[in-house]
Amino acid sequence: MILFVLAGCTSATEGQQSDNPKELELLFNFAARSLDPNVDSSYVPLRAGITETLVHLNDDTLKLEPWLAESWESEDGQEWTIQLKKGVTFQNGNPMDGKAVKASLERSIKDNVAIKNALRIATIEADGLQLTIKTISPFPEFPSELVHPNTSIIDVTEPDFINKPVGTGPFAVSSFIPGTAVDLVRYDGYWDGVAKLEAARFSFNEDANARSLALESGNADIVFRPEVQNLEILEALPGIKVESTSTFRVHQMTMNLERETMKDIHVRKAVDVLVNRQSIAETILKGHAEVAEGPFPSTFSFAPDYPEKLTGLEYAKDLLAQGGYEIKEGVMEKQGKPLVLTLLTYSARADLPLIAQVFQSDAKQLGIAVDIQQIEVPEEYMAANRDWDLATYSNLTAPRGDAGYYLNATYHPHGALNFSGADDAALTALIDELNKTVGQEARSAIAEEIALYVDEQVYNSFILHPNTLVAYNADKVENWVTSKSEYYMLTHTLDVK
């Protein structure tokens with residue numbers, strides 16, 4: 001294992017490290033170039049146990065639970081009273097009180113437009129350990145948004161947010177090498193009991209095969225999303241355990257609705273029927289996935305029953321013909337212009353480039369040219385550039401146990417993940433109605449209606465619900481939990497033998 005370079009006596013640790021310190025290395029599939037908890041989209045500060053949020057999601061029950069907040073209540077869904085936990089301190093020893101939390105949330109809203117749009121906070125008042133928050137309009141599901149990693153509570157008086165944010169979690173930052181790793185040291189003043197590990201390294205490698213080899217060679221103890229093709233090799237190794245857990249994620253074909261080609265619903269429908277979901281699940285994911293009909297896994301109450309879909313080359317050809325396309329000399333064209341699609345993909349999720357290649361091969365049989373373009377940070381590229389038609393993208397659709405997060409982020413005109421550029425008045429009205437609706441049954445009914453509308457308009461094409469794959473050295477690691485939300489990784493209960 002890569003040797004740790006740990007800080008000596010700091011506010012994060014008390015006393016001396018033992019001769020044989022308890023430490024481990026987790027190898028993650030996305031490279032973080034910033035640890036700013038309120039802005040960075042890799043969520044490493046939360047995943048690495050540096051920061052915490054006011055509200056926690058129970059992965060098993062999908063219920064919200066108190067975390068830094070002791071309780072919350074509202075009579076009208078607009079004015080909220082939040083009581084904070086007593087005795088919580090930041091890793092520099094400063095108390096976490098209402099004033100500090102107010103400053104942290106206001107910093108999130110100021111620096112992150114997506115969080116500003118998600119929380120819809122009008123005012124925040126602090127009094128001791130109590131916060132009074134008023135939203136712009138009634139928003140019954142406001143507490144669920146406080147699960148979001150970008151609402152992590154930090155001490156904003158510590159200015160180095162990028163390299164050394166100061167949170168309330170069980171581990172403090174010792175050092176950070178952007179794009180490589182963050183070294184962590186135990187915070188002995190942690191409010192929920194001192195962590196069992198004395199130190200940890202949360203490192204990054206976007207090459208799935210390299211991650212698998214790191215575990216195989218002993219250079220990593222826990223590997224997130226190892227190479228699917230190598231799972232049998234890993235499972236055969238002494239002491240190595242591989243976990244495959246269903247999650248709230250969907251692999252989708254994101255469609256750029258601002259491109260002239262993709263404005264044609266016949267083209268969007270043709271793209272959708274060209275995707276061979278079952279084959280992809282069996283060959284690329286080796287069965288570690290559920291074929292997707294829509295954004296939400298079938299286990300959720302807000303996942304509707306979809307109309308049966310016809311798939312295959314002939315159906316795609318017929319749909320394109322309805323849009324005025326025809327094949328001439330082996331080329332799909334319309335009014336003499338060939339149908340050429342630019343498809344974005346990225347290697348941090350190893351199966352996405354493979355899905356892109358399969359789609360490219362199938363489209364070629366219809367005379368459609370698909371130009372695959374590799375990008376590094378999909379959120380940044382898709383938000384800043386409109387020179388693409390399609391993108392293989394992976395997204396958590398219900399990480400807070402509710403449909404509102406995904407539907408707002410992906411289809412509302414102000415949504416943080418609305419890379420398609422969707423701006424449909426009827427759809428926006430449905431989402432606005434969902435946002436003010438109370439009660440899971442009523443909310444589920446509206447969410448189903450929205451999901452069916454999105455399916456009818458084919459604003460995106462949903463491919464798979466991939467399992468979360470984690471492999472680790474079970475002879476060394478104890479108390480590892482593969483979370484469905486993918487939010488909680490290095491916890492204070494994680495241990496080594």
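Guide: A pocket, on a 1 Å grid over the protein atoms alone, is an open set of points with protein on both sides within 12 Å along at least five of seven lines, and lining residues have an atom within 4 Å of a point. The model is predicted, local features need pLDDT of at least 70, side-chain atom pairs count only at pLDDT 80 or more, and totals for chains, interfaces and linings use all residues. Residues are numbered from 1 along each chain as its sequence is written, and side-chain values use heavy atoms, with hydrogens and water left out.

Visitor: Which residues lie nearest the centre of the second largest pocket?

Guide: His 56, Trp 67, Tyr 488, Thr 491 and Thr 493, out of 26 lining residues.

Visitor: What volume does that pocket have?

Guide: About 550 Å³, where a volume is the space filled by probe spheres set on the grid points, joined across faces, edges and corners.

Visitor: Now cavities. How many of 30 Å³ or more are there in the whole structure?

Guide: The search finds 5; a cavity is a set of points where a 1.4 Å probe fits but cannot get out. The largest cavity holds about 150 Å³.

Visitor: What lines the largest one?

Guide: There are 16 lining residues, with Arg 225, Pro 226, Val 228, Ala 350 and Asp 351 nearest the centre.
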